[in-house]
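Please open the model in a viewer and keep the sequence panel at hand. The stops below each name a selection and then describe what is found there.

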Amino acid sequence: MTSIEKSGTFALGTRSVNRLGYGAMQLAGPGVFGPPKDREAALAVLREAVAAGVNHIDTSDFYGPHVTNRLIREALHPYRDDLTIVTKIGARRGEDASWLPAFSADELTQAVHDNLRNLQLDVLDVVNLRIMFSAHGPAEGSIEAPLTALAELQRQGLVRHIGLSNVTAAQVAEAQRIASIVCVQNMYNIVNRSDDALIDTLAEQGMAYVPFFPLGGFTPLQSSGLQAVADRLGATPMQVALAWLLKRSPNILLIPGTSSVAHLQQNLAAAELVLPDDVLAELNLLAE
């Protein structure tokens, strides 16, 4: 068994993927805008991820924009049969690198075609609809209109499976009345645990939950408790945070991102990190 296989597997649509995957966001330039600082290094990270057993890559054509998808295509096309590429639509980038909603049917259709072209695919495995009602996280509001537009693109054969990103539990329930949903992608980590109940509900339904920003993202969490546990285990805080997420629920799929092969290898090694019960109890207290 390889290191990454120790993370286990879970269903993502009609595919079974290793629970430890890779997120391509950090391959773009600073602020997820523009080209990478080191293009060859970015290509090397993607190739190393797949060589190490990653078969779930998360991306979006608004990363860059258009940067990460073109890197994925250059590094990995033609794709391995077992590789599942998940992309995201519903936002666009302003000329000042701002993140803007792109919800209309025309915008969603254009986004799907952009992803298809830049990834060089005929159909997208999974498309997450990113909800942009608030810049600060999920906010209530009906998602019927954009989801109906995405479901039409699925009916046309351009999208196999639909997921949701940056959503509330109420929006997940609304979405399930409109289309079959295979995953939810929200911010969640060892100290940001507002989705605890949602994760448990999705697990009961056999649906994947994909947390982003396992260490806080653009504003990294500062936790002396997490660092202390990592030091005792001879691990990095990121490895401990990822191992905790793998332990949290079997339906959690991880997509840690990095632009460094060395950091990629460190992250994937989290699949082998064992967290004793007393350590788990200590980590669970960090959210309080």
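Two strands are taken to pair if DSSP finds at least two bridges between them. Helices (H or I, at least four residues) and strands (E, at least two) are DSSP runs, numbered from the N terminus. The model is a predicted one, in which local features need pLDDT of at least 70, side-chain atom pairs count only at pLDDT 80 or more, and totals for chains, interfaces and linings use all residues. Residues are numbered from 1 along each chain as its sequence is written, and side-chain values use heavy atoms, with hydrogens and water left out.

**Stop 1: the hairpin**

Select residues 9-12 and 15-18, which are strands E1 and E2; they run antiparallel and are joined by four bridges. Within this pair, Ala11 has Ser16 of E2 as its bridge partner. Two residues lie between the strands of the hairpin, and Gly13 adopts a positive phi near 70°.

**Stop 2: the open sheet**

Next, display the seven strands that form an open sheet with parallel pairing, in the order E3-E4-E5-E8-E9-E10-E11. Strand E3 (22-23) and strand E11 (208-212) stand at the edges with a single partner strand each, so one side of each has no neighbour in the sheet.

**Stop 3: strand E8 and its crossover**

Select residues 124-130. Why is strand E8 described as largely enclosed by the rest of the structure? Seven of its seven residues are buried, so the rest of the structure largely encloses the strand. Buried means under 20% relative accessible area, exposed over 50%, and partly exposed in between, with a 1.4 Å probe and protein chains only.

Six bridges join E8 to strand E9 (residues 159-165), and the two run parallel. Leu124 has Val159 as its bridge partner in E9. From E8 the chain crosses through helix H4 (residues 144-155) to E9 in a right-handed β-α-β crossover (right-handed if, with the strands pointing away from the viewer, the path from the first strand over the helix to the second runs clockwise).

**Stop 4: helix H2**

Select residues 67-76. Seven of the 10 residues of helix H2 are buried, so this helix is largely enclosed by the rest of the structure. The buried residues are Val67, Thr68, Asn69, Leu71, Ile72, Ala75 and Leu76. They pack against helix H1 (39-51), strand E4 (56-58), E5 and H3, where contact means heavy atoms within 4.5 Å.

**Stop 5: the second largest pocket**

Which residues are the closest to the centre of the second largest pocket? Its volume is about 240 Å³, and of the 17 residues that line it, Phe62, Ala91, Arg92, Ala111 and Asp114 are the closest to its centre. Strand E5 (84-89), strand E6 (91-93) and helix H3 (105-119) are the elements that give two or more residues to the lining. H3 gives the most, with five residues.

On a 1 Å grid over the protein atoms alone, a pocket is an open set of points where a 1.4 Å probe fits, with protein on both sides within 12 Å along at least five of seven lines; lining residues have an atom within 4 Å of a point. Grid points are joined across faces, edges and corners, and a volume is the space filled by probe spheres set on the points.

**Stop 6: Asn267**

Finally, select Asn267 in helix H9 (residues 261-268). Asn267 is buried, with a relative accessible area of 7%. Not counting residues up to four places away in sequence, Asn267 touches Leu20, Met238, Leu242, Pro256, Gly257 and Thr258.
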